[in-house]
Amino acid sequence: MDSMCISELLLEIERHQCALLTNLTFSEKVRYIYNPLDYARETHEFYVRTYCNNSKKVIFLGMNPGPFGMAQNGVPFGDSTYVNNWLKIKGNVFKPHQEHPKRQIQGLNCSRSEVSGSRFWSFMEETCGLPENLFLHCYIHNYCPFSMMTESAKNITPADLKAQEKKALIEICDEALCKVIMLLKVKFIVGVGKFAEERATHVLRTYNIHDITVVNIMHPSPINPAANKGWKEIVHKQLDESGILQYMTS
């Protein structure tokens, strides 16, 4: 399979996933839904075509876009400083269909830092040096591409949804994740946080996929008190002990 095939097939999996998710209905609690794979399509596709053009040993799996990260620019954990200066992502970013006045999309010009993204990508830069070293064997992907929020702009994660809404969403996202795993021929899935780890484990069991190891690393969110006390050191140790660090420093 040539490199163009892998990136284009991945984008096709995501487009199909988004089409199915768009057809879902949610309670009134979910007042705004952003799909950065739509309005930030140019920057997202630039990311995929630049950094996912070969099979991968490792997928780092996030949950869904943060309001000042991937929701702004289509890049998982997409803190603007690292998206612009380290990953060097290019492209236009437009507006979601319905925009919350407190969560306006500024694309690559977003000046507010995404703490989770800043921690995540600064760790990658310090560990790998160049993006090419990281992406030779690794890829960063989000389980769900949609960002959701309440009327007051409070973030809603897939884990926060009501049971039936959550069930419908994870069925779609589980299937898409399975396709991505098989396409990239991964050997390790690193769940960034418990939710991502649980979904990856469930997908492997449900689809009877063998010889893939699921590893958990602490989520870098500042909501997690432990992450505010030496997150990088903790995660470095977790990745070293699981044998994944060797694939990040080629």
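# Exercises on pockets, strands and rings

A search of the whole structure finds two cavities of 30 Å³ or more. The model is predicted: local features need pLDDT of at least 70, side-chain atom pairs count only at pLDDT 80 or more, and totals for chains, interfaces and linings use all residues. Residues are numbered from 1 along each chain as its sequence is written, and side-chain values use heavy atoms, with hydrogens and water left out.

## Exercise 1: the cavities

Task. State the volume of the largest cavity and describe its lining.

Solution. Begin with the terms. On a 1 Å grid over the protein atoms alone, a cavity is a set of points where a 1.4 Å probe fits but cannot get out; a pocket is an open set with protein on both sides within 12 Å along at least five of seven lines; lining residues have an atom within 4 Å of a point. Grid points are joined across faces, edges and corners, and a volume is the space filled by probe spheres set on the points.

Step 1. The largest cavity holds about 70 Å³ of space.

Step 2. It is lined by 14 residues, and E14, H44, M70, H141 and N142 are the closest to its centre.

Step 3. Two or more lining residues come from each of α1, α3 (41-51) and β3 (138-142). Helices (H or I, at least four residues) and strands (E, at least two) are DSSP runs, numbered from the N terminus. Strand β3 gives the most, with four residues.

Step 4. Sort the lining by class: nine residues are nonpolar, four polar and one charged. Here Ala, Val, Leu, Ile, Met, Phe, Trp, Tyr, Cys and Pro count as nonpolar, Asp, Glu, Lys and Arg as charged, and the others, Gly among them, as polar.

Task. Which residues line the second largest cavity?

Solution. The second largest cavity has about 40 Å³ of space. Its lining consists of I13, H16, Q17, L20, I172, E175, A176 and K179. The elements that give two or more of these residues are α1 and α8 (163-184).

## Exercise 2: the pockets

Task. Describe the largest pocket by volume, lining and class.

Solution. Step 1. About 620 Å³ of space lies in the largest pocket.

Step 1. Its lining has 22 residues, with S116, N155, H219, S221 and I223 nearest the centre.

Step 2. Eleven of the lining residues are polar, eight nonpolar and three charged.

Task. Which element gives the most to the lining of the second largest pocket?

Solution. Step 1. This pocket has a volume of about 310 Å³. Of its 16 lining residues, T22, I33, Y34, N35 and H97 are the closest to its centre.

Step 1. The elements with two or more residues in the lining are α1 (3-22), β1 (32-34) and α2 (36-39). Among these, β1 gives the most, with three residues.

## Exercise 3: strand β6

Task. Is strand β6 mostly covered or uncovered, and which strands pair with β6?

Solution. Step 1. Strand β6 (residues 188-192) is mostly covered, with five of its five residues buried. Buried means under 20% relative accessible area, exposed over 50%, partly exposed in between (1.4 Å probe, protein chains only).

Step 1. In a regular strand the side chains alternate between the two faces of the sheet. In β6, F188, V190 and V192 point one way, while I189 and G191 point the other way.

Step 2. Two strands pair if DSSP finds at least two bridges between them. Strand β2 (residues 58-62) runs parallel to β6 and is joined to it by four bridges. Five bridges join β6 to strand β7 (residues 213-217), again in parallel.

## Exercise 4: aromatic pairs

Task. Why is the pair of Y47 and F135 edge-to-face?

Solution. Step 1. Rings of Phe, Tyr and Trp (its six-membered ring) pair if their centres lie within 6.5 Å; planes under 30 degrees apart count as stacked, over 60 as edge-to-face and the rest as tilted. The structure holds 13 aromatic pairs.

Step 1. The ring centres of Y47 and F135 are 6.1 Å apart and the planes stand at 80°, so the pair is edge-to-face.

Step 2. Y47 lies in helix α3 and F135 in helix α7 (residues 131-135), 88 residues apart. Y47 counts as buried at 0% relative accessibility, and F135 counts as buried at 4%.
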